[in-house]
Amino acid sequence: MSVTIRQATVDDLMQMQNCNLSNLPENYQMKYYMYHALTWPQLSHVAIDQHTGKVVGYVLAKMEEDVNEPFGHITSLAVMRNWRRLGIAEKLMTQAQKAMHDNFSAKYVTLHVRKSNRAALQLYRDTLQFTVRDIEKGYYADGEDAYAMRKNLGPQPEGKEGKDAKDAKDAKEGTDAKEHKKDAQAIEPSK
């Protein structure tokens, strides 16, 4: 199983939507994918099966304008079930974060993840070093709560542990973190 990670194009949008519909409970209309592709073409990426040319994963990302500093947001991330546990989600997220920083000087990136999505929480917190900043009650259409997560982009001050790194360490040691290390299936940020 061999994949290529590349910037998404308008031609990929139907397959990205199919990947979303096949794997996640939060789904979007095609115009939402098109909006991302036309407004922030540098940010969304796809994982392509080198043998079939099909999209097996994607990250849909955008920029937000904060009054003080620009920041990115991960709208959606999905990897087809047969392609999971190969590091594809991590590679997609890394590319999106790099594009946010390099193209828009994003200072940080945010995302939301279902509280019940332990696999995604482990990816974001433990592998990608996001920290839980808040719990948004009833965030999802079905009423489930979401963890609002954040990661600083760019270098941390030398010789000092950044606040997000400290928060990540504290969260890993907390009981809530231990509770959510059990395995689950989908990788799913939203909105």
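## Salt bridges around R114

In this predicted model, the side chains of E144 and R114 meet in a salt bridge, with 2.7 Å from N to O. The pair links distant parts of the chain, since E144 lies in the loop between strand 6 and strand 7 while R114 belongs to strand 5, 30 residues apart. R114 also forms a salt bridge with D142, where the closest N and O atoms are 3.0 Å apart.

E26, R114, D142 and E144 are linked in a network of salt bridges.

## The K62 and E64 pair

Another salt bridge joins K62 to E64, and the closest N and O atoms of this pair are 3.3 Å apart. K62 has a relative accessibility of 14% and therefore counts as buried, while E64, with a relative accessible area of 27%, is partly exposed. The count of salt bridges in the model comes to eight.

## Helix 2 and its buried face

Which residues of helix 2 (residues 30-39) are buried? They are Y33, H36 and A37, and, seen down the axis of helix 2, the buried residues fall within an arc of 95°, so they line one face of the helix. In an α-helix there are 3.6 residues a turn, so residues three or four places apart point the same way.

The face of helix 2 turned away from the buried side carries the exposed residues K31 and L38. The cover over the buried residues of helix 2 includes helix 1 (13-23), strand 3 (55-65) and strand 4 (70-79).

## Helix 4 and the residue after it

In helix 4 (residues 118-127), the buried residues are A120, L121, L123, Y124, R125 and D126. Just after helix 4, Q129 takes a positive phi of about 65°.

## Confidence along the chain

The mean pLDDT of the protein is 82, and 80% of its residues reach 70 or more. Confidence is highest in strand 2 (residues 45-49), at a mean of 97, and lowest in helix 6 (residues 175-179), at a mean of 37. Over residues 156-191 the pLDDT is below 50, and this stretch has 91 contacts in the model beyond near neighbours in sequence.

Conventions: Residues are numbered from 1 along each chain as its sequence is written. Side-chain values use heavy atoms; hydrogens and water are left out. pLDDT is the predictor's confidence in each residue, from 0 to 100. Helices (H or I, at least four residues) and strands (E, at least two) are DSSP runs, numbered from the N terminus. Contact means heavy atoms within 4.5 Å. Buried means under 20% relative accessible area, exposed over 50%, partly exposed in between (1.4 Å probe, protein chains only). The arc is that of the directions from the helix axis to the C-beta atoms. A salt bridge is a side-chain nitrogen of Lys or Arg within 4 Å of a carboxyl oxygen of Asp or Glu.
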